[in-house]
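Colleague: I am new to this structure. Could you take me through it in questions and answers?

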Amino acid sequence: MAITITPTGAFVVLDETDGLQNATATPSPAGDADDNDILSSSPPLPTAFSGRLTTLGLTVDEAALSGYNGANTGSNILTVTGASLSSDFALTGANGVAFTDYVTGATSTFSSGLFAVADDGTITEVFLFADPTNNNIVYGVAGDTGDDPIAFAVYLEEVKDGNGITTGAKMWTVIADGYTLAHNTDGTSVADHDDFLDLTNKLFVAAIGDTEFSFANAPSGQNLFMMFGNTSLAILVTGEDPANQSAGQHVSNDGDTVSSSQGGGPTTLGTEGQHIKAQKSLVITFVTGANADYIAGPNAGNNPGQPLSPTEANVEANIDFGGYAQDVLGGEITISQMNPGSPTTTATVEILAYRTADGTGTNYINNNDPLVTGDAEIDIESVSVIRGGVDVTNTLTVTILGNSATITGVMDDDVIQYTTTDDHNRVLVRNDEPIGSNVSFDLGGFSLRQVSSDVEEIGSKVRFEDDGPTITVNDISGIFTEDPQTGTWDHAPGEDGLKSLNVTFDSYQIGDGPVTGGSALQTDDGLTYTGSITDDFNGDGVDETVGFTLAFDPLTDEYTFQMDNPPTQVITRDTTQGSLKAGGPDPVRTLLFGGSEAGADDVVFFGVVANAPASGVSGGDALADPPQTPNDLLDLVYSGATDLTEDQIQSFLTPANQIPTLINSATQMNVSTAGIGINNNNLDGTGAGIQAGDESFVFNPEEVVDRVTVYIDNSVGGYSRPTEELYYRIYFSDGTFSDQILVTDAILQDAPRKDPLIPDVAEGGKFFEIDAGDKQIDAVQLTMGAGTVKIPVIQWTIEQQFNPQPLQLDFTATIFDGDDDSQSDAFSIDLDPTVV
């Protein structure tokens, strides 16, 4: 009865998430309820499985059993009918091809299509290997050699009836501690963290047998053929070009023979003598239904019922068998009795695989020259060489070309294992040393691997589910401030570990205005991001730029938002916009804004002695109680937000309070668009440098300002260097002041006509800017050292915080784990319009 393997509806689903995921432990969501996680200790892994894992030093991190729901004993992943006591089942590759044994030095060509992620983030392609002692165990190895670590393992647990016959099988899977599988190596987002990988078309189950053939009782002498085995399965051995005995050729004179040798140990085979000499070969053919009388065995004889004798082995008609073995996908050849007998002697061996349809008996040879003539060539897929139980393939030279594999460096007692891409029923073993070489060897043993006709794909039922990362970023409701504002975030990278965090600035909205797309964020470490917004925050038509920083701390689960500077507004005023306070002409004039002295936006102009001391004279606080008489210009400017009024300054022009070293009553301050000057609308100087007779005045706005622009028109010849000298001194709000600074050509700029930013009366002239830098300006003194200029207008700029409209910033944070799975969460930072 043929063996039939039938997959059931069960799967073995291992979820990489920490803890158990199955119907009992996690009844919801459905993506976890259908998992089959099981503790590796209770119930324990099958002894045959756990014992091998312990031997190999593997520590289990996660385990699963087919159909396990947390409350049952699992279920069969396949059923079997037609098996017998001798039936064996194995995990194999496609067509039942055996995986390479997981032994030192071995190399596998069986890629699983999966990638393992180590705890340090290293990603390595996984190759499949067979356990060398149990063909029901397959290892997923992080690498392609038997020296690489195991990332996961699969075990087929055969279920037997009371008679010991296999009726089905369960499936166990484990993941080794220190590894997960890369579920997403291309960096795309995975929406479902129950996304799974499997071994579809990589893992199969086959009824399989390794049959070893003993050469014991081989007939002596030079023979036409030998057969070993039994009537169910046997191997037929001949030389490469045997004599066609039925056509009259003499076996030993007209063709290659096969002979035996015991040499004090197990029986070995040679050709044309006791050895296989250079460029000589033996051909091994796999047959069924062999006549028992012509199979080697004890008590050989020529009578019916007696095994093959030397006489019978020289008759072509006795090559009597019923057919050829099916589903043979590999074999094992032992090379022995290397000559010369030195331990260092090596040989080159060639093996060639075929499928033949030669007839039996007298039709077997039929002048085939050589015997394999007309046979179909079957490609060899892999070759391994085992020496003393260790795979030494990598130390030899192996060349595979179609149906031929050449192995250079073979030594005495080496075992050559090979697999084919398709069924074959014949293999040729050649001593591929060059003609004239004295190196020869014997064939010391042979076994073949036969697969049942029913090989079933099972890898699609072996699933590994990802755990994926999670992230939640909570919103911040804050205010406009330069101080850090803190929010919280929850993040779990999962088994694959945290790889990176990416934050995008999606959009923002000012007040009830439109939602505007954000801009790129910059980062150096993947945890701290900087960005900015440039927009009109207060509706004055002028854009302000606000920078900010987002910093995420994965250890404290906090993140901070910090503005580099809260939004500011730029206020620009000039002297053409004000109106003079009634009175005058006087040494002190006030330019009113808003029509009165109410508020703190007016400007006081007063003429001063050009070379008056700026500071350094003690006392002089005019606002002290009792008041003191100013004794330097800084006393009249009065540092800070408080300024002396026009009336307060003029009080020091009366006879009782005169301070002629600073100001005098003969000075007339003119402020108009016709020119801001002393005693007229010009500013005049007496000669090079600053002298007592030069004209000088102080521009002292009640507001502290950030920049002052002084315009010069062309009505009195403009400003010509070097014959004319205009100086300015800055009085800063912190009580310091600058030197007298000469206005040079380098700082002068043109004031073009039709420029909307330039006052009309100043168009066509020149201007220069006085910038406070990191400070603010309390007042500016202008002094004409030489020549004459006309200053039609002075402009000043104030940058100040204001109460902006509410601001909402929208971001998205995306976390990536070690295999590039990702999870995103959108969050907002809402800023209240209160300035702090």
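**Contacts, folds and cores**

Colleague: Leaving aside its neighbours within four places in sequence, which residues is Thr 575 in contact with?

Modeller: Two residues are in contact when heavy atoms lie within 4.5 Å. With neighbours within four places in sequence left aside, the contacts of Thr 575 are Leu 591, Phe 605, Ile 676, Pro 792, Val 793, Ile 794 and Trp 796.

Colleague: What kind of model is this?

Modeller: Residues are numbered from 1 along each chain as its sequence is written, and side-chain values use heavy atoms, with hydrogens and water left out. Local features need pLDDT of at least 70, side-chain atom pairs count only at pLDDT 80 or more, and totals for chains, interfaces and linings use all residues, since the model is predicted.

Colleague: Is Thr 575 buried or exposed?

Modeller: Thr 575 lies in the loop between strand 40 (568-574) and strand 41 (579-580); strands (E, at least two residues) and helices (H or I, at least four) are DSSP runs, numbered from the N terminus. Buried means under 20% relative accessible area, exposed over 50%, and partly exposed in between (1.4 Å probe, protein chains only). At a relative accessible area of 8%, Thr 575 is buried.

Colleague: Is the protein chain a compact globule or more spread out?

Modeller: The protein chain has 5 helices and 56 strands. Its radius of gyration, taken over C-alpha atoms, is 50 Å, well over the 28 Å that the globule rule gives for 836 residues; that rule is 2.2 Å times the number of residues to the power 0.38. The C-alpha trace spans about 160 × 65 × 45 Å along its principal axes. The chain is therefore, compared with a compact globule, more spread out.

Colleague: Where do the buried residues of helix 2 sit, and which strands do they pack against?

Modeller: In helix 2 (residues 47-55), the buried residues are Phe 49, Arg 52 and Leu 53. They cover an arc of only 100 degrees around the axis, so they are on the same side of helix 2; the arc is that of the directions from the helix axis to the C-beta atoms. The face turned away from this side carries the exposed residues Thr 47, Thr 54 and Thr 55. The strands packed against the buried residues are strand 3 (60-65), strand 8 (137-142), strand 9 (150-160) and strand 10 (166-176).

Colleague: What distance separates the C-alpha atoms of Pro 46 and Trp 172?

Modeller: Pro 46 is in the loop between helix 1 (30-33) and helix 2, and counts as buried at 13% relative accessibility. Beyond four places in sequence, Pro 46 is in contact with Tyr 155, Glu 157 and Trp 172. Pro 46 and Trp 172 are 126 residues apart along the chain, and their C-alpha atoms are separated by 8.8 Å.

Colleague: Which strands stand at the edges of the open sheet of 6 strands?

Modeller: The order in this sheet is 31-33-39-38-37-36, with antiparallel pairing; two strands pair if DSSP finds at least two bridges between them. Strand 36 and strand 37 (residues 528-535) are joined by 2 bridges. Each edge strand has a single partner strand, so one side is left without a neighbour in the sheet; these are strand 31 (470-473) and strand 36 (522-523).

Colleague: Which residues have the most contacts inside the largest nonpolar core?

Modeller: A nonpolar core is a set of buried Ala, Val, Leu, Ile, Met, Phe, Trp, Tyr and Cys residues joined through side-chain atoms within 4.5 Å. The largest has 44 residues, and those with the most contacts inside it are Leu 78, Phe 152, Met 171 and Leu 203.
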